[in-house]
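Colleague: I am new to this structure. Please take me through the surroundings of the ligand, then show me how that part sits in the rest of the chain.

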Amino acid sequence: MEQRSPSASDVEGAPRPAVREPAKLALVVPTLHEVANIERILQRIRTSLDPLAIPYEIIVVDDESRDGTAEVVQTISGSDPRVRLLVRTNARGLGGAVVHGWERSEADIVGVIDADLQHPPELLPQLWQAMESGVDVALASRYAEHGSLRNWHPVRYGLSRLAIWLTLPLQQPGIRVQDPMSGFFLVRRACIRNFRVETQGFKILLEILVRGNIQSVTEVPFAFGPREAGSSKAGIKEGLNYLRLLGRLYRDVGLRQHSAPRTRSNGPVSR
Ligand SMILES: Nc1nc2c(ncn2[C@@H]2O[C@H](COP(=O)(O)OP(=O)(O)OP(=O)(O)O)[C@@H](O)[C@H]2O)c(=O)[nH]1
Ligand SMILES: [Mg+2]
């Protein structure tokens, strides 16, 4: 995969003081029929995280792929207990899988990366460094300067830009980001305790940015490549889920603006 030379760019908002205790990372890898990719992605994640010498766990949340994905993870997990396998039965949905993994970990910093090698794990040290510097969210950004989308059909690109444009009124002014739809990010757990992350759809980051207690964000640019193997699960259904999420977020933000003093809480604490 092409590696550009990414440079982190801080988004407005004062970073929190650096964390002194060694924080633990729980990185969820959601999988649905990823047998062709799972071994390589796990290897690349471990190779990227090991030099950091931090406590971490990689949690693969598989929705009964039945294509051998779970068996591959089980084997790797047998020799490396930092790799955990969770299989959900009778459940589907990327968002729900990610929340399922996060809820089964005590880590202070949680994150997600796709299994299909579209997200380069080699970016993890930069994302981690940003978290260590005290930001609340570090995201891998296709739209930040030096980021890119390779081989995307112009229609898909146009829809993606439109989807992001629609988020602009929702995003908090001090922490507005260029890629609120990224599926590769880390977040401080303490910043998402104030709401229950919705389990529908693919766009957890947007929801976190709008509903979470986020004070600061770093975007690290990267080139989003084509899927290397296996098939896409994104489609019209996910597009409709996104529109529904947008509707709910617009409603929340509208309610928030009418309530004084401003409150961020909109639901029960999930963790
Ligand atoms: N556990 C679980 N994982 C899922 C589900 N749907 C998608 N995923 C995983 O979520 C990640 C993203 O899904 P993709 O199909 O690659 O979606 P995308 O990257 O938006 O689309 P492409 O660019 O076409 O690959 C992959 O690791 C999938 O295996 C699901 O229902 N359950
Ligand atoms: Mg993909």
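Modeller: Start with the make-up of the shell around ligand 1. Its residues divide into eight nonpolar, four polar and eight charged. Keep in mind that this is a predicted model. In total, 20 residues surround ligand 1. The closest are Pro30, Ala97, Ala115, Ser232 and Lys233. Now look at which elements supply the shell. Strand 2 (25-31), strand 3 (56-62) and helix 3 (94-103) each give two or more residues.

Next, the chain around that site. The protein chain has seven helices and 10 strands. Of its 271 residues, 39% are buried. Take the contacts between residues at least 6 apart in sequence: 83% of them join residues at least 24 apart.

The largest nonpolar core holds 64 residues. Leu27, Val28, Leu127, Val137, Ala138, Leu139 and Phe185 touch the most other members. Helix 6 (residues 204-211) is the element that gives the most to this core, with six residues. Beyond four places in sequence, Leu139 is in contact with Val177, Asp179, Ser182, Phe184, Phe185, Leu205, Val217 and Glu219.

At 1.5 Å a residue, helix 5 should span 16 Å, and its end C-alpha atoms are 16 Å apart, so the two agree.

Now two loops, one on each side of strand 3. Ala53 lies in the loop between helix 1 (38-49) and strand 3. Its phi is near 55°, a positive value in a residue other than glycine. Ala53 has 8 other C-beta atoms within 10 Å; exposed means 12 or fewer, so Ala53 is exposed. Glu64 lies in the loop between strand 3 and helix 2 (69-79). Glu64 is not a glycine either, yet its phi is positive, at about 50°. Glu64 has 14 C-beta neighbours inside 10 Å, so it counts as partly exposed.

Last, the confidence. The protein chain averages a pLDDT of 86, and 88% of the residues score at least 70. Two stretches call for care. Over residues 1-9 the pLDDT is below 50, and this stretch has 23 contacts in the model beyond near neighbours in sequence. Over residues 262-271 the pLDDT stays under 50, and the model has 20 contacts for them beyond four places in sequence.

Terms used. Residues are numbered from 1 along each chain as its sequence is written. Chains are lettered from A and ligands numbered from 1 in the order in which they are written. This is a predicted model: local features need pLDDT of at least 70, side-chain atom pairs count only at pLDDT 80 or more; totals for chains, interfaces and linings use all residues. A residue is near a molecule or strand if its C-beta atom, placed from the backbone, lies within 6 Å of it. Helices (H or I, at least four residues) and strands (E, at least two) are DSSP runs, numbered from the N terminus. Ala, Val, Leu, Ile, Met, Phe, Trp, Tyr, Cys and Pro count as nonpolar, Asp, Glu, Lys and Arg as charged, and the others, Gly among them, as polar. The expected span of a helix is 1.5 Å times one less than its number of residues. pLDDT is the predictor's confidence in each residue, from 0 to 100. Two residues are in contact if their C-beta atoms, placed from the backbone, lie within 7 Å. A residue is buried if 20 or more other C-beta atoms lie within 10 Å of its own, exposed if 12 or fewer, and partly exposed in between; C-beta atoms are placed from the backbone. A nonpolar core is a set of buried Ala, Val, Leu, Ile, Met, Phe, Trp, Tyr and Cys residues joined through C-beta atoms within 7 Å.
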